Amino acid sequence: MAYAVSTPVFEGPIDLLLHLVSTHEVDVLDVPLAPVVDAFLQVLSEQREAINLNQLSEFLLVAAILIELKSQKLLPGPEVVDDDEDLVGWEERDLLLSRLLECRAYSATADVFVALAEQASRSVPREAGLDDDFVVHAPDLLAGVTPEDLAQAYLRGSAERLVPRVDLSHVTVDTVSVSEAVAELIAMPDSERVTSFRVLVRECRTRMDVIVRFLALLELCKMGRVTLGQGTTFGDLQISWLPTGDLVGAASGRGLAELGGYEVDAYEVDAYEG
């Protein structure tokens, strides 16, 4: 490009500077790049309309190449190679070393085959077959099988399989509400309000009914309506009602009963089954 640069070691077009640096005629470390970029920016601000996009792109490309070359010189590397002939020599050395490694691998493989052949030469193969006493014949799997047996086996294999059914007679389907059991216990007559848990559940038919009655007693105990006692270990659970004001209650739709402002917990009674 027509843009000229002025540095302590070079004055002239910037593309010529790149050529001299590439051919090692000018050391890129001696070329300060900051004044070159500053001068170009000044020219760009003064002659904004005269410089087209091609010139700007060419300068950016040349400046980028110079920065890359100078960065490679400044940054430390594994080895500093100044001459292309030295680089070619290293490539030939690496090629020769790789071939030597391949020859060593082939030699080691050949030694392995020689050892295997020597080991195999020490064994003598058996040329005669087994004696009649040691010959094991495979049994005839179809011995004694008649065409009728085959037909019956086919019928059994092609017969329709019965669909297995699970007996659900022991599963409780009806959901028992704790709130309803609480309401039933509150509605008991006064003559039956001093009793035992065994008497209380004697009319229950399922285990779930017994569990719900027990949970209802716990709710009444939390409400302060009854007291629970057990005279002996594993004895009958005695139930006594306390003289408190009547609780007005009715079961709600989701297992909660509002009894005198108290809400009965809706236990998941299905989890207690089994």
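## Arg198 and Asp236

Arg198 is exposed, with a relative accessible area of 57%. In this predicted model, the side chain of Arg198 forms a salt bridge with Asp236. The closest N and O atoms of that pair are 3.0 Å apart. The bridge links distant parts of the chain, 38 residues apart. Arg198 sits in helix H7, while Asp236 sits in the loop between strand S4 (226-230) and S5.

How exposed is Asp236? Its relative accessible area is 34%. That value falls between the 20% and 50% cut-offs, so Asp236 counts as partly exposed.

## Other salt bridges

A search of the whole structure finds four salt bridges. One of them joins Arg213 to Glu184, with 3.5 Å between the closest N and O atoms. Arg213 belongs to helix H8 and Glu184 to helix H6, so this pair ties together parts that are 29 residues apart in sequence. Glu184 has 47% relative accessibility and counts as partly exposed.

The side chains of Lys222 and Glu219 meet at 3.1 Å, N to O. Both residues lie in helix H8, three residues apart, about one turn of the helix. An α-helix has 3.6 residues a turn, so residues three or four places apart point the same way. Glu219 is at 0% relative accessibility, which is under the 20% limit, so Glu219 counts as buried.

Which elements build the largest nonpolar core? This core has 22 residues. The elements that give two or more residues to it are helix H6 (178-186), helix H7 (197-200), helix H8 (207-223) and strand S5 (237-241). H8 supplies the largest share, eight residues. The residues with the most contacts inside this core are Val182, Leu185, Phe197, Leu200, Leu220, Ile239 and Trp241.

Another core, of 17 residues, lies apart from the largest one. Its members include Val5, Leu20, Phe59 and Leu66. In soluble globular proteins, nonpolar side chains tend to be buried together.

## Helix H3

Helix H3 covers residues 53-74, which is 22 residues. From its first C-alpha to its last, H3 reaches 31 Å. That is close to the 32 Å expected at 1.5 Å a residue.

Phe59, Val62, Ala63, Leu66 and Lys70 are buried in H3. Seen down the helix axis, the buried residues of H3 fall within an arc of 100 degrees, so they line one face of the helix. What do they pack against? The partners are helix H1 (14-22) and helix H2 (33-46). On the other side of H3, the exposed residues are Leu53, Asn54, Leu60, Leu61 and Gln72.

## The chain overall

The chain holds eight helices and eight strands. Of its 274 residues, 21% are buried. Among contacts with a separation of 6 or more, 55% are between residues 24 or more positions apart. The accessible surface comes to about 21400 Å². Carbon and sulfur atoms account for 57% of that surface.

Note on methods: Residues numbered from 1 in each chain as written. Predicted model: local features only at pLDDT ≥ 70, side-chain atom pairs only at ≥ 80, totals over all residues. Heavy atoms only, no water. Core = buried A, V, L, I, M, F, W, Y, C linked by side-chain atoms within 4.5 Å. Buried < 20%, exposed > 50% of the residue type's maximum accessible area, 1.4 Å probe, protein only. Helix = DSSP H or I, 4+ residues; strand = E, 2+ residues; numbered from the N terminus. Expected span 1.5 Å × (residues − 1). Arc of directions from axis to C-beta. Contact = heavy atoms within 4.5 Å. Areas by Shrake-Rupley, 256 points an atom, 1.4 Å probe, with all protein chains shown as cover.
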